Amino acid sequence: MARVLQWSHSKTVVLLWFLTAIIFYSLFQMALRNSISNSTSSVSMALNEDRRSKLYDGMARDLDEKGPAFLKHGETSQSLSLSDIFILKDGAVEPALKAANPPVRANVLYLSTEYSVPISETIKRIINPYFDKSIWFQNTSLYHFSMFHASHHIAPVPATENEIETEATAVKDVAKTLCSLNIVLDRVVLTSTGVLLGCWQVVSGTDPVTIRTKLRTALPRAPEKQLYDAAILHTSFARLLGPPKASATEMHNADLVKFFHELVAHLNKELRGFKAAISELWYVEEYDVLALALNGRMNVRKFQLGCTRN
Ligand SMILES: *[C@@H]1O[C@H](CO)[C@@H](O)[C@H](O)[C@H]1NC(C)=O
């Protein structure tokens, strides 16, 4: 009897050891897999960040390489001439709205007024003393990051009302899978076309590269060629439409490039490092050309990003 008990005791011990070993082994495997997938995502995060930095460096060089072309006949980033989209009326600039045919269908991330208002106030405080009225400021209710176009003016993709509903639903489903983004303003850039841009980096959340990939899958009819680099995260703050006041450039012997460099340096000194969060993706039908930029006619569908784990 004692012998039998002893036997079964050692069997129990062996069994326990065996179970413990299995549990340890699976925990070890899980930890390994986790750390691999974590390091893969941090590697791709670093790659995207690097890609954005290089892109922004290039954008900042644009003014040196081409000079302030907007003082002649500037074109926008969408190859529309600025003189085509603004008119001077009683000394003030007004957008010259033109119907977009077919309407442009843009997917943009939205930046809330909690962030856009202080940014815009800072920019106005710094810039306004140097210019009369030849500046157009982006409406603070419409600060946005252009992500992906279902149709744009270079490659229009007409759509029926049903097709538009299908697209909007697909975008809503994408939004559910995206994690809200924490972002930081990397630099302010003035392009040779006179557009003052905020160029941002991602601290956490779904990277724009992933967002665009998901939108492409969800919108199979969208133009193959999109307007922007897949990694870019930028928002337009203002458009300069003419030269600064003569008094502003006296210090630089009327060297305009030098003047603009110092202006941008001043903006960067105050705005670089500004933190913001993004939690909405918009599907926008723009009935006027550049409606989001120029307060044109549009229809906006707003979708909350579904995941807030950060
Ligand atoms: C700014 O945009 C908001 C939202 O579309 C609009 O209600 C408002 O009228 C716009 N402001 C101007 C000055 O156009």
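Predicted model: local features only at pLDDT ≥ 70, side-chain atom pairs only at ≥ 80, totals over all residues.
Two residues are in contact if their C-beta atoms, placed from the backbone, lie within 7 Å. Setting aside neighbours within four places in sequence, leucine 281 is in contact with Asn107, Leu109, Val171, Ala175, Leu178, Phe303 and Leu305. Leu281 also turns up among the residues with the most contacts inside the largest nonpolar core, together with Val108, Val171, Leu215 and Leu292. That core has 66 residues.

Stepping back to the whole protein chain, the secondary structure comes to eight helices and 11 strands. Of the 310 residues in the chain, 33% count as buried. Among contacts between residues at least 6 apart in sequence, 78% join residues at least 24 apart.

Now for the sheets. Strands of a sheet pair through backbone hydrogen bonds, and they can do so in a parallel or an antiparallel way. Valine 108, already met in the core, stands opposite tryptophan 282 in E10.

Seven of the 10 residues of E7 are buried, which leaves the strand mostly covered. E7 runs antiparallel to strand E6 (residues 181-190), with eight bridges joining the two. One of the pairings puts leucine 185 with its bridge partner tryptophan 200 in E7. E6 and E7 also form a hairpin with four residues between them, and glycine 194 in the turn has a positive phi of about 90°. With strand E8 (residues 234-240), E7 pairs in the antiparallel sense over five bridges. Here valine 195 has arginine 239 in E8 as its bridge partner.

Valine 184 gives another view of E6, the strand in which it is found. This residue has 13 other C-beta atoms within 10 Å, so it counts as partly exposed. Not counting residues up to four places away in sequence, valine 184 touches Trp200, Gln201, Val203, Gly273 and Lys275. Take glycine 273 from that list: valine 184 and glycine 273 are 89 residues apart in sequence, yet their C-alpha atoms are 5.5 Å apart in space.

A few spots in the backbone deserve a second glance. Most residues other than glycine have a negative phi, and most peptide bonds are trans. Against that background, asparagine 101 and proline 102 are joined by a cis peptide bond, with omega at about -5°. Proline 102 has its place in strand E3. Leucine 290 is not a glycine but still has a positive phi, near 55°. Leucine 290 lies in the loop between E10 and helix H8 (291-294), and it is buried because 20 other C-beta atoms lie within 10 Å. Asparagine 295 likewise has a positive phi, near 60°. Its place is in the loop between H8 and E11, and with 17 C-beta neighbours inside 10 Å, asparagine 295 counts as partly exposed.

Asparagine 295 leads on to the ligand, which is surrounded by Asn139, Ser141, Leu142 and Asn295. Sorted by type, the residues of this shell divide into one nonpolar, three polar and no charged.

How values were computed. Residues numbered from 1 in each chain as written. Near = placed C-beta within 6 Å. Nonpolar A, V, L, I, M, F, W, Y, C, P; charged D, E, K, R; others polar. Core = buried A, V, L, I, M, F, W, Y, C linked by C-beta atoms within 7 Å. Buried ≥ 20, exposed ≤ 12 C-beta atoms within 10 Å, placed from the backbone. Pairing = 2+ DSSP bridges.
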